[in-house]
Amino acid sequence: MKKCIFIALCFLSMGCTELLFEDNQRLYIIGRIIDSTGKPISNISVGAYGIIDSSPPVGGVRQLLGFNCSDSSGNFSITAISPDNEDRLRILINTRDVNECRFSTRYTAIELDINDFRTNDNLEYKLTDPIILN
Amino acid sequence: MGGLLKLGLCVCVFSMLANSIQAQQSNDTTKIDILGSLKAGLVIPKAIGNSIVQEAYNLKLGYIIEGSVYINENWHLGLQFHQFKGDVNNRNLTGNFDKTRITHWSALAGYSLFGTGNPLSIEFDAGIGTATYRNMFNSENETFKDSGVSFLGAISIGHKLGKTIGVFGRFQYQQDFLNIDAAPPIQSEFNNVAFVMVCIGVKIHIH
């Protein structure tokens, strides 16, 4: 019985991961939010998250790295701390996690996963296409 | 814990230096009344200029510890440690963390205007050292750091209250050049951080 508990604890501890962060580094993510008619949407919350995937039953890790609100032109910029062991970067638009600006029930929330942001040497990631909220 | 270890090492180095000078002095015709000093006090920091700390932090009261050894009547060498915390009040600018503990270690060289024999002292110091910004989340478990080189210039006024004890006040300018890699639009705000600090405390003279 004790052996079983020990093995189970070992298994669980192997699955427990936490997001680590790069020293001396910041990410910068910029983009633009518009509605379906092409009109910019202001004061919409945008968050950047570090994601670690994991198999059930442990579950993954999702941690907010930085956030901001879109301005009157729909533009946003996020200064974020830099994850060290993430599987991907995820951008959440119209997220409830950011208290500084509104969560709009008029629009749906959008998740964008970015896998290639490490390839950019200057740590700046531009979302070239506007994000359309319906 | 690491900070305490460093502090212990500094006290040891300082004591050895003081002993070495005392031994040298016994054979020397030049009299140095005071071998060195230990200072401890409070620091009131304020960030200035266009930096991330100035724009996004609410800095708290800190503390300073400094040891100096006089190499002659007017000149001294020393080591300074000071630390203070800051609460992040604009996480849009910094990234998502809550607190930072800012630590400076500096090697100093200074000049005392009236020499060691005068009860009133006015000292000018310049120094170079390291700056470490330990960034923390609320739980204080998950941390990462920013670090770099730091330069300082300071003027202190002190007064002896007795043979071994005195008080001092200091105005210090500290310039940090941090090694943070960031995108060009935000790089300069993260790399250059300047502080002015007012320090007050006690000074122990070692004879």
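From the N terminus on, the elements of chain A follow the order α-β-β-β-β-β-β-β-β, which amounts to 1 helix and 8 strands, where helices (H or I, at least four residues) and strands (E, at least two) are DSSP runs numbered from the N terminus. This is a predicted model, in which local features need pLDDT of at least 70 and side-chain atom pairs count only at pLDDT 80 or more, while totals for chains, interfaces and linings use all residues. Residues are numbered from 1 along each chain as its sequence is written, and chains are lettered from A and ligands numbered from 1 in the order in which they are written.

Of the 134 residues of chain A, 30% are buried (20 or more other C-beta atoms within 10 Å of a residue's own, with C-beta atoms placed from the backbone). Among the contacts in chain A with a separation of 6 or more, 69% join residues 24 or more positions apart, a contact being two residues whose C-beta atoms, placed from the backbone, lie within 7 Å.

The contact between the chains takes 20 residues from chain A and 20 residues from chain B. On the side of chain B that touches chain A, helix H3 (91-94), strand E7 (143-160) and helix H4 (184-191) of chain B each supply at least two residues.

The predictor gives the complex an ipTM of 0.79 and a pTM of 0.82. Chain B averages a pLDDT of 85, on the predictor's scale of confidence in each residue from 0 to 100.

| Element of chain B | Mean pLDDT |
|---|---|
| Helix H1 (residues 2-26) of chain B | 49, the lowest among the elements |
| Strand E8 (residues 165-178) of chain B | 96, the highest among the elements |

Over residues 10-30 of chain B the pLDDT is below 50. Where pLDDT is low, the predicted coordinates should not be read in detail.

Key: Buried ≥ 20, exposed ≤ 12 C-beta atoms within 10 Å, placed from the backbone.
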